[in-house]
Amino acid sequence: MEMTEQRRADGSLRHLLTLEGLSRAELEALLERAQHHVRRLGEPAPRSNALEGVTVANMFTEPSTRTRVSFELAAKRLGAEVVNLEVQLSSRVKGESMLDTIFTLEALHVDVFVLRDAEAGVPAMVAAHVAPHVSVLSAGEAHLSHPTQGLLDALTVLQHKRRCDGLSIAIAGDIRHSRVARSACHAFQTLGVKDLRIVAPEALMPDPGEFNGCTRVTDIAQGIGGCDVVMMLRIQKERFANTTIPAGDDYFREFGLTPARLALAKPDAIVMHPQPMNRGVEIDGAIADGPRSVIRQQVTNGVAVRMAALEILAAPLAARRGR
Ligand code: CP
């Protein structure tokens, strides 16, 4: 994705399809705005009318809990109207194309599309065809990109470590099929992380030429050693048919995050996971629920990040509508 494809002629962000090409200043502005929307659990959720008069459609053709719900809450808390298209119950199943569905929703005054799709290129294809006032946000594109997940991961690290420069971060598990790993690496590298390790069994390593600037480690203990941040990933069984990769208990024995392995990281290392997680496969459930886990904070940050992204992308539209 060329960075120009998600920008307006004046250089401002119109779509959010990938974190590739975003500058450090742009990421920091998004994260600063997101932090403005963070509230402790138990406090009232943040609310504004920044997107009043704007209509947001969520269209997810792959399953989602966190991303779909948090995009809906984010848009509603900014005062937008929200429609969640149940794709499996829509006329897509009668053969209507993605673009005809998009044009139909545009005709119903949808201004912002939030798209999750298993097929590479769909968000960019939609972005290339929508009307000039419309924005597209990727909520997860194949194995390639999950930009708001990358942002919420970066926000979570900054909240706990105050900086990214100088940190050692290990992302461990099914890197090969992970859009989360790709977007998190873009965010962390842009924010100054130099020691960024991708840790995976050989079969789950990405192809050469991907993840430039990251250190590749196939031994989990070595990969985690001395890290400030350990991010574990689920095996994305839905994206491949390789049956030689160990499953369940075997995978946990060879590659799961156990207390003994976590003890190799720094004493104040935090543990992350984008979820959904498989306890007892890639991570010990006691670690996921333990004091070093920031997994639920990642979820909370998802709403704040999505509010910031919606605000920044739709700002010109909202301004034209008197907001
Ligand atoms: N992390 C994430 O994308 O979760 P969901 O698939 O539930 O949205």
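Modeller: Glycine 173 sits in the loop between β5 and α6 (179-190), where helices are DSSP runs of H or I with at least four residues, strands are runs of E with at least two, and both are numbered from the N terminus. This is a predicted model, in which local features need pLDDT of at least 70 and side-chain atom pairs pLDDT of 80 or more, whereas totals for chains, interfaces and linings use all residues. Residues are numbered from 1 along each chain as its sequence is written, and side-chain values use heavy atoms, without hydrogens or water.

Glycine 173 counts as buried because its relative accessible area is 0% (buried is under 20%, exposed over 50% and partly exposed in between, with a 1.4 Å probe and protein chains only). Although glycine 173 and isoleucine 235 are 62 residues apart along the chain, their C-alpha atoms are separated by 6.7 Å. Another such pair involves methionine 307, a residue of helix α11, which is 236 residues from phenylalanine 71 in sequence but 7.7 Å from it in space, C-alpha to C-alpha. Methionine 307 is also buried, because its relative accessibility is 1%.

Phenylalanine 255 belongs to helix α8 (residues 248-255) and counts as buried at 3% relative accessibility; its C-alpha atom and that of alanine 309, which is 54 residues away along the chain, are separated by 35 Å.

In soluble globular proteins, nonpolar side chains tend to be buried together. The largest nonpolar core here has 87 residues, of which Leu137, Ile171, Phe188, Leu257, Ile283 and Leu310 touch the most other members (such a core is a set of buried Ala, Val, Leu, Ile, Met, Phe, Trp, Tyr and Cys residues joined through side-chain atoms within 4.5 Å). Helix α11, which covers residues 295-320, supplies the largest share of this core, namely eleven residues. At least three residues of the core come from each of domain 1 (3-145 + 300-320) and domain 2 (147-295), with bounds taken from an automatic or database domain assignment.

The two domains also matter for the ligand, which lies between them because both domain 1 and domain 2 give residues to the shell around it. That shell consists of Ser64, Thr65, Arg66, Thr67, Arg116, His146, Gln149, Pro274 and Gln275, each with a heavy atom within 4 Å of the ligand. The ligand taken alone exposes 250 Å², of which the protein buries 92%, using Shrake-Rupley areas with a 1.4 Å probe.

Proline 276 lies in the loop between β9 (270-272) and α10 (285-288).

Arginine 162, in the loop between α5 (147-161) and β5 (168-172), has a phi near 70°, a positive value in a residue other than glycine, and it is exposed because its relative accessible area is 73%. Phenylalanine 211, in the loop between β6 (195-199) and β7 (215-217), also has a positive phi, of about 55°, although it is not a glycine, but this residue is buried, with a relative accessible area of 10%.

Finally, aspartate 111 lies in the loop between α3 (98-107) and β3 (112-117) and counts as buried because its relative accessibility is 2%. The side chain of aspartate 111 is joined to that of arginine 321 by a polar contact of 2.9 Å.

Definitions and conventions: Polar contact = N/O pair within 3.5 Å; in protein donor to acceptor, adjacent residues only side chain to side chain.
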